[in-house]
Amino acid sequence: MVGTDVLSGMPLFEGLASGALVALSNALQKRRYPKGDVIFHQDDPGSTMYIIIEGVVKIVVTSPDGKQHTLAILSRGAFFGEMSLLDAQPRSADAVALETCQLLTLGREQFVDFLRAQPEAALKLFAALCCRLRHADQLVQDAVFLDVPGRLARTILDLAESQGETESGGIAISPRFSQVEMAEMVGATRESINKWLGLYARMGLLRYEHGRITVLRPDKLRERIC
C-alpha cells in the first residue's frame, strides 16, 4: 500500500479527500525499473497508467528507419501511459527509465472508476493532456520555424524549468544528458549539438560538463530562440 502522504503531494491528487486517497492507495501497485529499462514499447497494448514517485522517465518515438525523437522528460509527480487507458489504443511511444525509477501503476478498471468518482482529478488530468497537446504543437512549430541552435536553446530552457535546480551561479539540470540524447530531443545530429553547446558555453550562456548542463544566462539564451 502506498502512503497517502505521497499521493497528496502530487498535482493530480492534490486536494482529494482523505477517504479518496486511501481508496486510491489500495488500488496502486509499486514497481521498480533500473536505469535503461524500457517500461513499455511503442505499439504495445496499454492497460496501465504510471505515476513517478522517484526517478526520471523519457518518452520517445522511433521512426521505421530507427531514428529516435524524445517527446518528454518526466520526473517525480508526473504520470504517463494514460492515453491508452482513455482510448484503448496501443502505446503511442516508448517509455524508458533514464534513472532508476520507483513507479506507481494503476490498471484500466481502477483508473476509470477513479475518474468517475473524482471529477476534480478528471479535470486536472484533462488540463495536463491539454498542456501536452500544446507542447506537441510547439514541437511542430519549432521544427518548421526554428533552426538547430534555436531548438536547442528552447529544449535547454524547457529542461531548466521542469528539471532544473537553482544553485550558485545558475540552474543545474538533472539528470545528465549525453549529446546523443540531446540530439534526440532537439531533432538534430550529435555533431550539431556538440557544435552549438560549445558555442553557447563559450558565450557564457551555459556550462556543459560530463553531461551536466547548467544554464548561466537564461535571459540571453532565450534570445537565441528566433
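How many helices and strands does the secondary structure of the chain come to? The chain contains nine helices and twelve strands, where helices (H or I, at least four residues) and strands (E, at least two) are DSSP runs numbered from the N terminus. The model is predicted, so that local features require pLDDT of at least 70 and side-chain atom pairs count only at pLDDT 80 or more, whereas totals for chains, interfaces and linings use all residues. Residues are numbered from 1 along each chain as its sequence is written, and side-chain values use heavy atoms, with hydrogens and water left out.

Along the principal axes, the C-alpha atoms fill a box of roughly 55 × 45 × 30 Å. Of the 226 residues, 42% count as buried; buried means under 20% relative accessible area, exposed over 50%, and partly exposed in between (1.4 Å probe, protein chains only). Among contacts (heavy atoms within 4.5 Å) with a separation of 6 or more, 68% are accounted for by residues 24 or more positions apart.

The chain exposes about 11,900 Å², of which carbon and sulfur atoms supply 52%; accessible areas come from the Shrake-Rupley method with a 1.4 Å probe, and for residues only the protein chains shown count as cover. The mean positions of the 25 positive and 27 negative charges are 5 Å apart. Here Lys and Arg count as positive and Asp and Glu as negative, while His and the chain ends are not counted; the place of a charge is taken as NZ of Lys, CZ of Arg, CG of Asp or CD of Glu.

Gln 163 is found in helix α6 and is buried, with a relative accessible area of 8%. Its C-alpha lies 21 Å from that of Val 148, 15 residues apart in sequence. Leaving aside neighbours within four places in sequence, Gln 163 is in contact with Val 56, Ile 73, Leu 74, Ser 75, Ala 172, Ile 173 and Ser 174. Gly 164 belongs to strand β9 (residues 164–167) and is partly exposed, at 28% relative accessible area. With neighbours within four places again excluded, Gly 164 contacts Leu 159, Ile 171, Ala 172 and Ile 173. Gly 164 and Val 215 are 51 residues apart in sequence, with a C-alpha to C-alpha distance of 8.9 Å.

The peptide bond from Ser 174 to Pro 175 is cis, with omega near 10°; Pro 175 is found in the loop between β10 (170–173) and α7 (179–186). Asp 43, in the loop between β2 (38–40) and β3 (48–54), has a positive phi of about 80° although it is not a glycine, and counts as exposed at 58% relative accessibility. His 210, also not a glycine, has a positive phi of about 55°. This histidine is located in the loop between β11 (206–209) and β12 (212–215) and counts as exposed at 77% relative accessibility.
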